[in-house]
Amino acid sequence: MEKVIIVTDLGPGDGGKGSIIHSLARKEDASVIIKRGGAQGSHGVRTSRGESFNFSQWGCGTFDAIPTFLSNQMVIMPVGLENEAGALKRHGIHNPFAMLSVDYECIVATPFHKIASQIEELLRKEKPRGTIGTGVGQAYRMCNNLKDDYTLLSHQLSNRRIITKVLKKQRTYYRDKYANLSYDEVLPEDKKLLAGNLALLFDDDFLPYIVDLFEAVGEELSFRTLEEVLKTNGTAIVECSHGILTDNKTGFRPHVSAIRTLPEFTERMLKTSGYNGQIINLGVHRAYEIRHGAGPMPTYDAAMTAKMLPDSHKDWNRWQGGVRAGALDFNLLRYALLVGAGTKFDGICLTWFDQILNTSRDWQQCLFYKNRPRDGESYAEFLTRAEPTITHRQIIKPISEMELFGLVNDSLVKTLGIPLAILSVGATEKFKIYPKEGR
């Protein structure tokens with residue numbers, strides 16, 4: 001492998017990684033997409049051929065026949081693999097598993113992890129963490145805290161005896177934990193959700209169903225190591241889930257992932273596997289702020305949310321909550337770059353700029369806050385009361401693509417010291433502007 005491009009979301013997620021990775025994969029004629037993070041990601045790809053799909057465990061180069069490798073830093077979901085494979089078949093990918101290889105040591109998230117994830121979120125009542133309720137975080141924590149006896153790894157998915165043994169231990173663990181749970185411990189409107197989860201947890205017929213499904217998925221999987229993948233010629237693109245602001249250590253607690261999301265961990269994974277070739281780090285962010293679920297967002301604007309989000313395909317759900325939008329917050333971008341200081345970013349990909357152009361052409365930015373943190377106050381606490389100062393930058397009309405690229409590039413270089421790598425002004429790869437080249 002001569003070159004590896006690492007694509008990292010500089011926000012809390014939903015930055016537009018899918019369309020950027022798809023465009024890069026085509027432009028670079030990538031050899032493979034390497035995935036790390038969690039299987040709950042939903043990376044939207046819209047192609048100029050009319051294809052439309054939200055990828056979770058397959059990479060965003062799948063429609064261009066670029067294979068995917070799930071690294072050992074990926075928490076996989078067999079139920080999700082089965083569902084996504086079925087959906088890809090309906091989109092004309094006749095044998096999706098032939099385009100997928102998996103590391104032997106991937107942690108497996110099970111339906112019991114999902115049940116526990118959703119119950120824990122319900123128990124938070126009016127103080128949601130903003131989990132998406134799939135169980136990926138539960139699986140990661142259980143592996144770290146209880147180790148091998150309670151954790152299923154990807155290479156064990158074709159062994160029915162091991163699957164059954166581990167799932168029984170998980171089921172017993174969670175049954176004991178929630179056996180005396182009272183319905184008064186959740187909000188009245190959440191009692192039905194709690195009842196549904198508990199019913200599944202204590203349904204003896206549920207486990208055999210999961211075992212059958214896991215075994216069937218396991219028989220479809222092909223296994224490789226990252227060392228083997230990196231011996232392939234060409235360019236690899238690392239597709240990471242989540243965003244820097246949800247990193248387990250440096251994110252804004254409690255609204256964080258169970259995993260580490262900083263790109264330095266991706267680089268460490270590559271170097272541990274013997275890679276010493278070129279690494280390019282690209283950050284991704286929308287042209288405005290977006291947050292799906294709970295967590296600090298100083299520039300939230302209800303009017304802007306209503307104006308910007310009709311086409312973003314992000315609906316309210318109990319596990320993530322609602323979607324909020326607001327002015328692009330350079331303070332949060334600076335923070336993301338600060339905590340990711342172990343990585344030198346080569347460029348920023350700014351997405352969804354078409355929504356700026358198609359509405360008021362008013363590119364709203366927050367360069368600083370009116371107030372400052374108090375003594376002893378964490379940055380996360382401060383952000384809940386930060387008062388943004390909004391700058392309005394009107395995009396003139398008409399403006400050429402390269403003039404627009406230059407304008408955005410100047411803004412990023414001036415405020416962050418990092419150049420613009422890609423400007424997205426539309427959903428498909430045809431609307432990605434690169435420096436000096438245009439589309």
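The largest cavity is lined by Pro-12, Leu-245, Phe-252, Glu-289, Ile-290, Arg-291, Pro-296, Met-297 and Leu-332. This is a predicted model, in which local features need pLDDT of at least 70 and side-chain atom pairs count only at pLDDT 80 or more, while totals for chains, interfaces and linings use all residues. Residues are numbered from 1 along each chain as its sequence is written, and side-chain values use heavy atoms, with hydrogens and water left out.

A cavity here is a set of points, on a 1 Å grid over the protein atoms alone, where a 1.4 Å probe fits but cannot get out, and lining residues have an atom within 4 Å of a point. Searching the whole structure gives two cavities of 30 Å³ or more. The largest holds about 50 Å³ of space, a volume being the space filled by probe spheres set on the points, with grid points joined across faces, edges and corners. Strand S9 (residues 289–292) gives the most to this lining, with three residues; strands (E, at least two residues) and helices (H or I, at least four) are DSSP runs numbered from the N terminus. By class, the lining has seven nonpolar, no polar and two charged residues. Ala, Val, Leu, Ile, Met, Phe, Trp, Tyr, Cys and Pro count as nonpolar, Asp, Glu, Lys and Arg as charged, and the others, Gly among them, as polar.

Now for the second largest cavity, with a volume of about 40 Å³. Its lining includes Asp-9, Asp-14, His-285, Arg-286 and Tyr-288. Strand S8 (278–286) and S9 are the elements that give two or more residues to this lining. The lining residues divide into three nonpolar, four polar and four charged.

Let us move on to strand S15 (residues 420–424). Five of its five residues are buried, so S15 is largely enclosed by the rest of the structure; buried means under 20% relative accessible area, exposed over 50%, and partly exposed in between, with a 1.4 Å probe and protein chains only. S15 runs parallel to strand S12 (residues 347–351), joined by three bridges, and two strands pair if DSSP finds at least two bridges between them. In this pairing, Leu-350 stands opposite Leu-423. S15 also runs antiparallel to strand S16 (residues 432–433), with two bridges, and there Leu-423 stands opposite Ile-433.

Our last stop is helix H12 (residues 353–357), where Gln-355 is found. Gln-355 counts as buried because its relative accessibility is 7%. The C-alpha atoms of Gln-355 and Ala-287 are separated by 8.6 Å, although the two are 68 residues apart along the chain.

How values were computed. 1 Å grid on protein atoms, 1.4 Å probe; cavity = no way out; pocket = protein on both sides within 12 Å on 5 of 7 lines; lining within 4 Å.
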